[in-house]
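Colleague: I have a model open and want to learn how to read it. Can we take the features one by one?

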Amino acid sequence: MLHWINWLNNCVALKLAPNIVANPLEKLPEILKKNLKRNLCVCNEVAKMDVINAIANGATTVTEVKKQTYATGGNGCCTRQVERLIECIHSISADK
């Protein structure tokens, strides 16, 4: 019975938050796994891992990442990097 309840809860969670990605680091190429503790957004001092976590928790656009982390809120020099992380994490997860 407990397994049934857990399965049902997982199904409901996926329907409520379909963009949540488990293990986002597994979805990134090696080059994007470097410097995870360093700031991706130097203007607002946002760590790369914070951006990855926001994307893994459902952010699918730069605007959504910005709302959650403030990354890209300065001069926008990190916008392309955020876009690349979104592409990698969400496009690969959609294939599965």
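Colleague: Start with E87. Is E87 buried, partly exposed or exposed?

Modeller: This is a predicted model, so every value here is computed from predicted coordinates. Buried means under 20% relative accessible area and exposed means over 50%, with partly exposed in between. E87 has 36% relative accessibility, so E87 counts as partly exposed.

Colleague: Which residue forms a salt bridge with E87?

Modeller: Look for a side-chain nitrogen of Lys or Arg within 4 Å of a carboxyl oxygen of Asp or Glu. For E87 the partner is R84, with the closest N and O atoms 3.9 Å apart. R84 is partly exposed too, at a relative accessible area of 34%.

Colleague: Why are E87 and R84 separated by about one helical turn?

Modeller: Because the two residues are three apart in helix α4. Salt bridges that share partners also join R80, E83, R84 and E87 into one network.

Colleague: What do R80 and E83 do there?

Modeller: Their side chains meet in a salt bridge, 3.3 Å from N to O. Both residues lie in helix α4, which covers residues 79–95. They sit three residues apart, about one turn of the helix. R80 is partly exposed at 48% relative accessible area. E83 is partly exposed at 30%.

Colleague: How many salt bridges does the structure hold?

Modeller: Four. One of them pairs K33 with E30, the closest N and O atoms being 3.2 Å apart. Here the two ends have separate labels. K33 is partly exposed at 26% relative accessibility, whereas E30 is exposed at 57%.

Colleague: Are C77 and C88 buried or exposed?

Modeller: C77 is exposed, with a relative accessible area of 51%. C88 counts as buried, at 4% relative accessibility.

Colleague: Step back. What is the overall pattern of the protein chain?

Modeller: Read the elements in sequence order. The chain follows α-β-β-α-α-α. That is four helices and two strands. Then ask how far apart the contacting residues are in sequence. Among contacts between residues at least 6 apart, 55% join residues at least 24 apart.

Colleague: Which residues have the most contacts inside the largest nonpolar core?

Modeller: Take the core as a set of residues, then ask which ones make the most contacts within it. This core has 21 residues, and the ones with the most contacts inside it are L28, V51, I55, V65, V82 and L85. Next, ask which elements contribute. β1 (39–41), α2, α3 (62–69) and α4 each supply at least two residues. Helix α4 gives the most, with five.

Colleague: What does L28 touch?

Modeller: Leave out residues up to four places away in sequence. L28 then touches K33, I52, L85, C88 and I89.

Colleague: Which residues of helix α2 are buried?

Modeller: In α2, residues 48–56, they are K48, V51, I52, A54, I55 and A56. Check the backbone past the helix as well. Just after α2, G58 takes a positive phi of about 120°.

Colleague: And loops? Is T72 buried or exposed?

Modeller: Judge a loop residue by its own value. T72 is found in the loop between α3 and α4. At 10% relative accessibility, T72 counts as buried. Leaving aside neighbours within four places in sequence, its contacts are C41, V62, K66, C78, T79 and V82.

Colleague: Where does pLDDT stay under 50?

Modeller: Over residues 12–16, for which the model has zero contacts beyond four places in sequence. Where pLDDT is low, the predicted coordinates should not be read in detail. For the chain as a whole, the mean pLDDT is 83, and 76% of residues reach 70 or more.

Notes
Residues are numbered from 1 along each chain as its sequence is written. This is a predicted model: local features need pLDDT of at least 70, side-chain atom pairs count only at pLDDT 80 or more; totals for chains, interfaces and linings use all residues. Side-chain values use heavy atoms; hydrogens and water are left out. Buried means under 20% relative accessible area, exposed over 50%, partly exposed in between (1.4 Å probe, protein chains only). pLDDT is the predictor's confidence in each residue, from 0 to 100. Contact means heavy atoms within 4.5 Å. A nonpolar core is a set of buried Ala, Val, Leu, Ile, Met, Phe, Trp, Tyr and Cys residues joined through side-chain atoms within 4.5 Å.
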